[in-house]
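Colleague: Could you walk me through this model, one piece at a time? I'd like a quick chat about how it is put together.

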Amino acid sequence: MILHLDMDYFFAQVEERENPRFKGEPLVVGSDPKGGEARGVVSTANYEARKFGISSGMAISKAYKLCPKAIYLPVNKNLYSRVSESIFRIMETVSDKCERVSFDEAYLDLSRVAKNYSQAEKIGRDLKEMILRKEKLTSSVGIGKNKMIAKIASEEDKPDGLTVVRPGETIGFISKKSVRDIPGIGPKTEKELEHILGKSDLKVKDLKRLSMDQLVNDFGKRGADIYKKARGKDDSRVKTKTETKSLGRETTFDKNTTDPEVIISTFKSLSKEVVDLAREEERNIKTIVTVCRFEGFDSYTKQISFKPKKPTRDLVYGEGVKLLLDLLTQKARPVRLLGVRVIFVKSKNR
Ligand code: DCP
Ligand code: CA
Ligand code: CA
């Protein structure tokens, strides 16, 4: 039982949330059209702008021709990735088997979380509600017996959709889809299939006229994949991201130094950077490692471990600097490089 979630008109929806007066107006996120002269492309557009024919990947100059009065905004990747992170966190509270596919979509394996499709549907509804409350954004969810079905189902009722395809409904659901709805069939493959079958506007059910042998002959390994997908089959797994085990920062001095003030203040700012990054992981740390490379390139590390603790500046700098001072007094040589690293505890839910 797989759930696929995809955010609606993601970049543009985030911008609407930040600036509610944009709501209802055509809005394009992408490069600056500069009065229609510019190069560059549309990242995405809200549904009002799509009514003018504007779509993702289109030249921004073309979008400007189609709708000069639209609001054009630059891509604010930092903002979207913060939102993205928050959404994935919410999804991971539902199931630790979560695969992030891009900025705005992920799969969840619900097999161990839901007993049946009614429960899965409830989870889907709750998930949408949690995202709406926390981030004030709508999303579309699809649930099905594998990743392909879930993904196609999430497209079914966009925006703000929720589509459940029960196993018995799979063939009926997929048969009437266009071949282009099958992940892995792009415009080129579509053309080739149209040529082979002597027909345009191909539906998935039309593909059933092609035997496994014929498909493998024409498309190789991908042909076997198409054969299975045309029958609603997809056995790819939900791949969870391997969690970050440790995180660190280091810096090389322009000139090797023995100045304790420079060394300590550099170490302090490295510690601050590491703590800021480590905080985003929302996990405790168990070890701090200090790295020091001296003139002549030989490196030394010293580390301290403790019961799991929150990564705070006091902890990381406080413990790290003690290790550093140990290294400095032991070696008493000019320093070339300094670094500090923290090691996380394994989180239970992964
Ligand atoms: N994106 C991009 N360039 C593209 C396609 C997408 O920069 N050629 C970015 C902007 C989108 C985000 O990725 O907001 C997600 O892409 P989707 O394909 O999921 O499209 P949207 O979320 O914008 O719209 P939809 O509601 O159709 O999912
Ligand atoms: Ca999307
Ligand atoms: Ca997407």
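Colleague: In what order do the 4 strands of the open antiparallel sheet come?

Modeller: A word first: this is a predicted model, where local features need pLDDT of at least 70, side-chain atom pairs count only at pLDDT 80 or more, and totals for chains, interfaces and linings use all residues. Residues are numbered from 1 along each chain as its sequence is written, chains are lettered from A and ligands numbered from 1 in the order in which they are written, and side-chain values use heavy atoms, leaving out hydrogens and water. Strands are DSSP runs of E, at least two residues, and helices are runs of H or I, at least four, numbered from the N terminus; two strands pair if DSSP finds at least two bridges between them. On that basis the order is S9-S12-S10-S11.

Colleague: Which are the edge strands there?

Modeller: Each edge strand pairs on one side only. They are S9 (246–257) and S11 (299–309).

Colleague: Which residue in S11 is the bridge partner of isoleucine 288?

Modeller: S10 (residues 285–294) and S11 run antiparallel, joined by 8 bridges. Within S11, the partner of isoleucine 288 is isoleucine 304.

Colleague: And helix H12, at about what angle does its direction lie to that of S10?

Modeller: H12 (residues 313–331) packs on the sheet and touches S10, S11 and S12, contact being heavy atoms within 4.5 Å. Axes are lines fitted to C-alpha atoms, for helices over the stretch in contact, with angles from 0 to 180 degrees between N-to-C directions. For H12 and S10 that comes to about 35°.

Colleague: Which strand of the 3-strand sheet has valine 29 opposite one of its residues, and which residue is that?

Modeller: That open sheet has mixed pairing and the order S3-S2-S4. S2 (residues 27–30) runs parallel to S4, with 3 bridges between them. Valine 29 faces S4, at leucine 73.

Colleague: How many residues of S7 are buried?

Modeller: Buried is under 20% relative accessible area, exposed over 50%, partly exposed in between (1.4 Å probe, protein chains only). Ser139, Val141 and Ile143 point one way from S7 and Ser140, Gly142 and Gly144 the other, and all are buried. For S7 (residues 139–144) the count is 6 of 6.

Colleague: What stands opposite leucine 3 in S7?

Modeller: S1 (residues 2–7) pairs with S7 in the antiparallel sense over 6 bridges. Leucine 3 faces isoleucine 143.

Colleague: Which residue bridges the two calcium ions, ligand 3 and ligand 2?

Modeller: Donors are N, O and S atoms within 2.8 Å of the metal (3.2 Å for Na, K and Ca), and sites may look incomplete because water is not among the atoms. Ligand 3 has Asp6 (OD), Asp104 (OD) and Glu105 (OE) as protein donors, at 2.2 to 2.5 Å; aspartate 104 and glutamate 105 are both buried. The two ions lie 3.6 Å apart, and the residue bridging them is aspartate 6.

Colleague: How many disulfides does the structure hold?

Modeller: A disulfide here is a pair of cysteine sulfur atoms within 2.5 Å. Cysteine 67 is buried at 1% relative accessible area, and cysteine 292 is buried too, at 0%. The number of disulfides is 0.

Colleague: Last one: what distance separates the centres of domain 2 and domain 3?

Modeller: Domain bounds come from an automatic or database domain assignment, which places domain 2 at 10–76 and domain 3 at 176–229. Taken over C-alpha atoms, their centres are separated by 34 Å.
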